[in-house]
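Please open the model in your viewer and keep the selection tool at hand.

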Amino acid sequence: MIKNIVVIGAGTMGNGIAHTFAQSGFQVSLVDVSQEALDKGLKTITTNLDRIIAKGKLTEEEKAKTLGNIKSFTDLKEVAKEADLIVEAATENQDLKLKIFGQMDEFSPEHCILATNTSSISITKIGSATKRPDKVIGMHFMNPVPIMKLVEIIKGYSTSKETFDAVYEMSEILGKVPVEVNDYPGFVANRILMPMINESIETLYNGVAGVEEIDTVMKLGMAHPMGPLQLADFIGLDVCLAILNVMYDGFKNPKYAPNPLLVNMVMAGKLGVKSGEGFYDYTESKKAEKVSNMFTK
């Protein structure tokens, strides 16, 4: 039975995953190499819980219990030995993930399932960094994790049925809607989403229309809740670029080649909401308002 959860990475996705497990009653160890990142992640979880309370969907007692279910650590080895499930949510970088999975495999007990929140990298490749590829699986949450219902459950070539069933059932316990997906670059969500975002950037790059105009067409004409350029800012332009590069390398198809404007913006440090500027300009107050709106719908 899965009881003890370890989440690696205290950034946007990692703290959201830790929040979700803890709110569902699981004991969570949140791990990051930086104590500063851990403190920031826990502060974000607290803020998001307060937003849910403000909507009347959570009590102060439930908030306290959720926070009590989370402990933070900077040493993976210290907590992995007790883990039943480890969810890696580090930066979307293949070499880094392979290194982390080697450590996850070394430090955790034999029964432990090793999951990755990767947006696009091969689960089979990640599993090859371990001695238990049958227990390696993709668990791709959507941002913001406590709100979004979808979880892509991605099987690698060697992922066992037992591992898949356990993670599928776990996702349902979290109140999510799990969807079975096979192991191809970008899986389903990003294989469809990223070319749309890239084409939106191409449309801007070619001067067809401005940022707000492109987003307005997609929101009002296609019934999207958020325009693709605003969504790219929310995801992180660096993350979008990394996913497109993985897909381009995997398929060798020009349609996945990142637009030069996206490449230049990432090189310039214009990463979207998290850097304060992307296709839109985000003051601290506007940034807080946008995130708050995601939690108060």
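On the side of domain 1 that touches domain 2, the residues comprise two nonpolar, four polar and two charged (nonpolar: Ala, Val, Leu, Ile, Met, Phe, Trp, Tyr, Cys and Pro; charged: Asp, Glu, Lys and Arg; polar: the others, Gly among them).

This is a predicted model, in which local features need pLDDT of at least 70 and side-chain atom pairs count only at pLDDT 80 or more, while totals for chains, interfaces and linings use all residues. Residues are numbered from 1 along each chain as its sequence is written, and side-chain values use heavy atoms, with hydrogens and water left out.

Next, select residues 4-182 as domain 1 and 191-291 as domain 2; these bounds come from an automatic or database domain assignment. Their C-alpha centres lie 26 Å apart. Eight residues of domain 1 and six residues of domain 2 make the contact (heavy atoms within 4.5 Å). About 570 Å² is buried between the domains, 67% of it from carbon and sulfur atoms; buried area is the accessible area (1.4 Å probe) that two parts lose on being put together, summed over both.

Now display Arg132 and Asp105, whose side chains form a salt bridge (2.6 Å, N to O). The term denotes a side-chain nitrogen of Lys or Arg within 4 Å of a carboxyl oxygen of Asp or Glu. Arg132 is in the loop between helix H6 (123-127) and strand E6 (136-141) and Asp105 is in helix H5 (residues 94-107), so the pair ties together parts that are 27 residues apart in sequence. Helices (H or I, at least four residues) and strands (E, at least two) are DSSP runs, numbered from the N terminus.

Proceed to Asn143 and Pro144, which are joined by a cis peptide bond with omega of about 0°. Pro144 is in the loop between E6 and strand E7 (150-155).

Finally, select Ala223, in the loop between helix H9 (211-222) and helix H10 (228-235). Ala223 is not a glycine, yet has a positive phi of about 60°.
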